[in-house]
Structure formats: C-alpha cells, structure tokens
Amino acid sequence: VKREDQNRNSDSGELKEWGTDSNFFRVPDGYFESLPSVISNKINKSDNTLKDNSVNPLIKWAVAAAVILGIIAAGWIYFQKQSMESQRQTATVFTYDELLSSGLIYEYENRLLIEHYFSAAGNNGIQVSDSVRSLNNYLIDHDIDVELIFNEL
Amino acid sequence: MPLTLSAKQNEFLTEKSENNLHVVAAVTDSHNEVYLTDESDHELIRQIKSGNQAGKAFESLVSRYQKMVYFHIRRMIIDHDDTNDVVQITFIKAWKGLENFREDARFYTWIYRIATNEALTFLKQKKRRSLIPMDDVEHQLAGQLEHDPLISSNSLQLKLHQAILTLPEKQRLVFHMRYFDEIKYEDMSQILDTSVGALKASYHHAVNKIKSYFDKH
C-alpha cells in the first residue's frame with residue numbers, strides 16, 4: 001500500500017498542486033438525493049413493460065411450431081401445383097408426330113392391346129390400370145410372347 | 001449511507017474476519033468520501049439476486065456509487081443533462097447485468113467499466129451525429145466549459161480541464177481515473193483491458209502534454 005502511495009505521489013505530485021475538481025462540476029440542488037429513486041422508478045417501469053410484453057414460453061413455442069408447419073404446408077402445396085402444372089404443360093406441348101417419333105403412341109397402342117388381353121384372360125392378379133412398363137415387365141417375367149397376344153386378337 | 005473516513009484511512013482497510021484475513025477495498029471520490037466495498041457490496045448483491053428487498057438494496061448500491069460514476073462520466077461528457085442520461089443508462093444496465101455478476105468480481109471495477117463504455121459510446125454517437133468535424137467535438141466541449149452555468153469559474157480548474165480535452169480519448173480516460181479518482185493501475189487495467197505498463201506510459205504522456213499546455217497558455 002505504501003509503495004502504491006509513493007508511486008502515485010511521484011506520478012502526479014506536481015499536478016496535484018492544481019487541486020482536484022471537486023467543486024468544478026456542479027449539479028442541480030438535490031440531484032444526488034433523488035437520483036437513486038429516479039433510477040429505481042425507471043427500472044420498475046422497464047421491468048413492468050418487460051412483464052407486459054412477455055409471453056408464456058409454451059405459447060411462443062406453439063406459435064413458432066405453427067408458423068413452421070404453415071410454411072412447410074404452403075411450400076408443399078406450391079410444389080405440388082407447380083409439378084401438376086409442368087406435367088400439364090408437358091402433355092400439351094407434344095404434337096402427334098412427336099408422340100409417334102418418341103414411341104409413346106406405340107406404347108399406348110400396346111397398352112390397349114395388353115389391357116384387352118388381360119380383361120379377356122380374367123385379370124390375372126394385375127390391375128389393368130398399371131403402367132405399360134410394369135405390364136411389359138409382367139409379360140417378360142412370365143415369358144409371354146407379345147406376338148401371341150396380337151394373334152389372339 | 002456512505003461511510004466517510006479520514007484521508008489516512010484511505011485506499012485500503014484490512015479487516016480480520018473469523019476465517020481468514022481479507023482485504024476490503026475502499027473507493028474515494030473527489031468529495032473525499034470513502035466507501036467500504038467488496039464485502040458490503042456483495043451482501044447487497046446477494047440480497048438483490050435473492051429478490052429479498054432487491055429494489056431497496058439496489059438503491060443502496062446506487063447511493064454508494066452514484067457520485068463516483070457521475071463525475072467520471074461528467075469529466076468525459078461535460079454537459080450535466082447528457083451525463084445524467086448516461087448515468088441512468090449505466091445503472092439500469094448494471095441492474096440488468098447483475099444476474100451474471102460473478103461473486104469473485106468487484107462491483108466498483110465492474111460499474112466503472114460500464115460507465116466508461118457508456119461514456120465512450122455516447123461520445124462516439126455524438127461525433128457521428130455532429131455536423132462538425134470529429135476533432136471539433138472536443139473544442140466544442142472545451143467551449144462549453146466556459147459557458148456552462150453548472151461549471152465553476154475557477155480558472156485553474158478550467159485551464160486544467162481544457163488541457164485534458166486536448167488529449168486523445170484514451171489518455172484522457174487514464175488521466176481522469178488516475179489523477180482525480182486515484183484508481184490503482186491494477187484496477188484500471190481490469191476496467192480498460194490494458195496492461196499496467198501501457199497505462200503508466202499513457203498517464204506519463206498525458207501529464208507531459210498537460211504541462212506543456214500550461215506552459216503555452
């Protein structure tokens with residue numbers, strides 16, 4: 001402690017002759033007497049405001065969850081619509097020639113033939129509404145010659 | 001109420017407790033009032049944290065440190081109304097932050113740090129808002145020293161504070177804390193996050209610049 005005091009005196013000894021500024025900065029009368037209660041009042045007001053604005057944490061979580069679910073649902077609906085729209089647009093874009101050159105018409109005709117065959121054969125465990133590819137797979141798996149079907153027709 | 005002690009009892013009081021010897025620091029403000037800290041501060045802080053008459057306990061803390069905080073900020077900001085705003089913000093922030101206040105920390109260095117940061121933030125905002133160049137804000141403050149009705153006309157003090165306002169912000173802070181508040185370098189180091197060596201050098205430069213200002217004016 002003594003060393004600290006010596007350090008301080010050697011640091012500021014000369015300037016201390018200019019005195020301190022204890023009376024240099026003045027405050028309005030009664031300022032320090034009222035300051036603690038002024039601060040207390042402000043704290044109380046801000047605490048009350050915080051309490052008023054505070055929401056039950058459970059409600060907060062519920063609202064957050066609802067908002068997230070809402071966003072996900074809206075996104076899902078949007079993408080579904082987009083996908084349906086793009087499918088619709090794709091279907092209308094093809095011309096008859098394009099369908100023919102892409103082989104889709106052939107498959108369609110094939111499908112009509114196959115559907116006819118299965119309905120006549122008593123729907124052998126396969127839905128006639130299944131895709132052409134799965135019907136083809138069925139024919140391949142059961143080693144059925146498509147030519148025979150044509151001949152039967 | 002603050003405990004007023006003689007100057008000889010200043011700075012440190014050693015108190016023997018039942019369990020061990022511990023040191024109770026004392027803070028002196030420029031009105032020569034010395035406040036016992038640490039033990040009594042921690043008692044009040046415990047009271048605030050427990051919610052047992054927290055408001056009253058915090059008012060006691062404010063009463064204990066208001067002058068130290070006020071004059072520290074006032075020396076930086078000069079204007080009373082602005083100082084009043086910053087003092088209130090300082091204590092409100094202290095109240096909100098008390099929850100995280102560590103038991104091993106010292107309240108007086110902590111509140112001093114908040115006050116310093118708030119004063120510097122205020123000056124930064126004032127400089128940003130001001131239409132005049134940044135350096136001229138200090139000239140503006142120096143001019144206010146002469147015309148503010150809440151500032152004494154003591155010519156020596158006026159000159160001293162005008163000299164201080166010519167210093168860079170950091171040197172000004174260090175000079176205020178060392179010369180007026182007589183804060184130990186170790187505590188200043190905690191408050192300003194600067195090494196003791198750098199603080200001593202900063203104070204030394206500040207003293208030389210003030211001397212040179214007095215020589216010229």
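The model is predicted, so local features need pLDDT of at least 70 and side-chain atom pairs count only at pLDDT 80 or more, whereas totals for chains, interfaces and linings use all residues. Residues are numbered from 1 along each chain as its sequence is written, chains are lettered from A in the order in which they are written, and side-chain values use heavy atoms, with hydrogens and water left out.

**Stop 1: the interface.** Select both chains. Here 48 residues of chain B are in contact (heavy atoms within 4.5 Å) with 32 residues of chain A. Between the two chains there are 0 salt bridges, a salt bridge being a side-chain nitrogen of Lys or Arg within 4 Å of a carboxyl oxygen of Asp or Glu. There are 6 residue pairs in polar contact between chain B and chain A, both residues at pLDDT 80 or more. A polar contact is a pair of N or O atoms within 3.5 Å; within protein, one must be able to donate a hydrogen and the other to accept it, and residues adjacent in sequence count only if both atoms are side-chain atoms.

Next, colour the side of chain B that touches chain A by helix. Helices (H or I, at least four residues) and strands (E, at least two) are DSSP runs, numbered from the N terminus. Helix 2 (54–77), helix 3 (80–97), helix 6 (155–164), helix 7 (169–180), helix 8 (185–192) and helix 9 (196–216) of chain B each supply at least two residues of this side. Its largest share, 11 residues, comes from helix 2 of chain B.

**Stop 2: helix 6 of chain B.** Of the 10 residues in this helix, 7 are buried. Buried means under 20% relative accessible area, exposed over 50%, and partly exposed in between (1.4 Å probe, protein chains only). Select B:Gln157, B:Leu158, B:Leu160, B:His161, B:Gln162, B:Ala163 and B:Ile164 to display the buried residues.

**Stop 3: salt bridges within chain B.** The structure holds 7 salt bridges over all chains. Select B:Arg64 and B:Asp41, whose closest N and O atoms are 2.5 Å apart in a salt bridge. B:Arg64 lies in helix 2 and B:Asp41 in helix 1 (residues 39–50) of chain B, so the pair ties together parts 23 residues apart in sequence. Both B:Arg64 and B:Asp41 are buried.

Move to B:Asp187 and B:Arg106, which form a salt bridge at 3.1 Å, N to O. B:Asp187 belongs to helix 8 of chain B and B:Arg106 to the loop between helix 3 and helix 4 (107–129), so this pair ties together parts 81 residues apart in sequence. B:Asp187 and B:Arg106 are both buried.

Then select B:Arg113 and B:Asp193, which meet in a salt bridge at 2.8 Å, N to O. B:Arg113 is partly exposed, with a relative accessible area of 29%, while B:Asp193 counts as exposed at 59%.

**Stop 4: the largest nonpolar core.** A nonpolar core is a set of buried Ala, Val, Leu, Ile, Met, Phe, Trp, Tyr and Cys residues joined through side-chain atoms within 4.5 Å. Among the 70 residues of the largest one, B:Phe58, B:Tyr65, B:Val69, B:Phe91 and B:Phe175 touch the most other members. Helix 2 of chain B supplies the largest share of this core, 13 residues. Centre on B:Phe91: leaving aside residues up to four places away in sequence, B:Phe91 touches A:Ile39, B:Phe58, B:Val62, B:Tyr65, B:Gln66, B:Val69 and B:Ile111.
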